[in-house]
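Please look through the sequence and the three-dimensional model shown below before reading on. The report that follows is meant to be read alongside them.

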Amino acid sequence: MSDVPRTTADFRSDTVTRPTSTMLTAMAEAEVGDDVLGHDPTTQALEEDAARLLGKDAALFMPSGTMCNLVALLTHTSPGDQILTEEWSHTACFEGGGAGVFAGVLTRTLGSARGLMDAADVERWMMPRSEHTPGTSLVCVEQTHNFHGGVVMPLDGLRAIRDVAHAKGARVHMDGARMFNAVAGTPGSTAADHAACADTVSFCLSKGLCAPVGSLLCGDVEFIAEARFHRKRLGGGMRQSGVIAAAGRVALREMCARLTDDHARARRLATGIAAIDGYSVDPTCVDTNILFVETGDLVAAEIVASAAAEDVLLYATGVHQIRFVTHHDVTDAHVDRLLGILQRLVS
Ligand SMILES: Cc1ncc(COP(=O)(O)O)c(C=O)c1O
């Protein structure tokens, strides 16, 4: 459990976080039923918590963020529709092509500066259905944007995209896998402020929030009823899911406020790396808990191997690029150990 500090410094992802002792106790004591039959009180309570927090009518618990995004696509679209999303979005790049395989949609990806999709670009590509063009029924936004380095989309930019989509008769789905990092990274904002920029929102409990499993899809009552059908069709109906939902309830209650610690540590790491000749990263672009570093002449895979030998785990995202992620199990001492290794490798 994550109350016991790890000696291994693991910067690969916030998905490696472990449940806290409070979560494990809640899991052991969870009241459960059969959620497919609609009788698991802990899962229902988690869904109510999530919907309330995001200011939506209803929510649906699923095993993963990938399944939430896929169920959202299946519920919002019809085969042959076009969806718009950013070119490095998780949905376009890292979900096994599920949008095409299972929902039968054409994914049109839009380039952007730092993952910040532009409403004018979205408007340009919102093709109406015609003899020649597929209709565009959905725009997907990612908050925070993982592969642009945990970038937070500003609320006014998100609202502009929503308004353009709605004006053209399309809906907006927010892949908010790390939306609570976005909330923490947008001073004065609430989860409901972010969620109001989209018709539906998915978010993950199992990343920075440290729950072992689970994500939620939130939207209006009619949407969630249809989403429930698609979840079951995909085999995502879970029976005594209250056991894992209990950890999720603790995550929402106790783990959101501390995300600012992870963000501060990510900025400290970026500042430390920027001060070492040979690596390139802009600390002012670190909005949340993710940073991408260019490794210059050094081969990323060799850095990963050298670090692993000193019990520091890293994730190469290119021949000369590494992604670093801070989270609950990353300490200041881990950051110092990593900086020492990076410094030695260029010396
Ligand atoms: C932005 C984003 N969306 C969705 C997902 C998918 O989540 P899961 O791993 O729970 O399927 C991830 C996973 O890292 C992600 O980073």
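## The whole chain

This is a predicted model, in which local features need a pLDDT of at least 70 and side-chain atom pairs count only at pLDDT 80 or more, while totals for chains, interfaces and linings use all residues. Residues are numbered from 1 along each chain as its sequence is written.

The protein chain holds 14 helices and 12 strands; helices (H or I, at least four residues) and strands (E, at least two) are DSSP runs, numbered from the N terminus. Along its principal axes, the C-alpha trace of the protein chain spans about 60 × 55 × 35 Å. The radius of gyration of the protein chain is 20 Å, which agrees with the value near 20 Å that a compact globule of 347 residues would have; this radius is taken over C-alpha atoms, and the globule rule is 2.2 Å times the number of residues to the power 0.38.

Of the 347 residues in the protein chain, 50% are buried. A residue is called buried if 20 or more other C-beta atoms lie within 10 Å of its own, exposed if 12 or fewer do, and partly exposed in between, with the C-beta atoms placed from the backbone. Among contacts in the protein chain with a separation of 6 or more, 72% are made by residues 24 or more positions apart; two residues are in contact if their C-beta atoms, placed from the backbone, lie within 7 Å.

In helix H1 (residues 21-29), the buried residues are Met23, Ala26 and Met27. They cover an arc of only 100° around the axis, and therefore lie on the same side of H1; the arc is that of the directions from the helix axis to the C-beta atoms. The face of H1 turned away from this buried side carries the exposed residues Ser21, Ala28 and Glu29, whereas the buried residues of H1 pack against helix H11 (242-254).

Helix H13 (residues 300-308) has Ala300, Ile303 and Ala307 as buried residues. These cover an arc of only 60° around the axis, which puts them on the same side of H13. Exposed residues Glu302, Ala305 and Ala308 sit on the face of H13 turned away from its buried side, and the buried residues of H13 pack against strands S10 (312-313), S11 (315-318) and S12 (321-325) as well as helix H14 (332-346).

## Strands and the ligand

Strand S6 (residues 171-175) is mostly covered, with five of its five residues buried. Arg171, His173 and Asp175 point one way from S6, while Val172 and Met174 point the other way. Strand S5 (residues 136-142) pairs with S6 in the parallel sense over five bridges, where pairing requires that DSSP finds at least two bridges between two strands. Within this pairing, glutamate 142 has aspartate 175 of S6 as its bridge partner.

Strand S2 (residues 58-62) is also mostly covered, with four of its five residues buried. Five bridges join S2 to strand S8 (residues 215-219) in an antiparallel arrangement, and leucine 60 stands opposite leucine 217 in S8.

Which residues surround the ligand? They are Thr15, Ser64, Gly65, Thr66, His90, Glu142, Asn146, Asp175, Ala177, Cys204, Ser206 and Ser215, where a residue counts as near if its C-beta atom, placed from the backbone, lies within 6 Å. This shell divides into two nonpolar, eight polar and two charged residues; Ala, Val, Leu, Ile, Met, Phe, Trp, Tyr, Cys and Pro count as nonpolar, Asp, Glu, Lys and Arg as charged, and the others, Gly among them, as polar.

Asparagine 289 lies in the loop between helix H12 (259-274) and strand S9 (290-294), and it counts as buried because it has 30 C-beta neighbours inside 10 Å. Leaving aside neighbours within four places in sequence, asparagine 289 is in contact with residues including Asp14, Asn181, His263 and His327.

Valine 335 belongs to helix H14 and is buried, with 20 other C-beta atoms within 10 Å. Not counting residues up to four places away in sequence, valine 335 touches Arg265, Arg268, Leu269 and Val330.

Histidine 166 is placed in helix H7 (residues 155-167) and is partly exposed, with 13 other C-beta atoms within 10 Å.

The table sets out C-alpha distances for these residues.

| Pair | Separation in sequence | C-alpha to C-alpha distance |
|---|---|---|
| Asparagine 289 and glycine 149 | 140 residues | 8.1 Å |
| Valine 335 and glycine 272 | 63 residues | 9.0 Å |
| Histidine 166 and arginine 337 | 171 residues | 49 Å |
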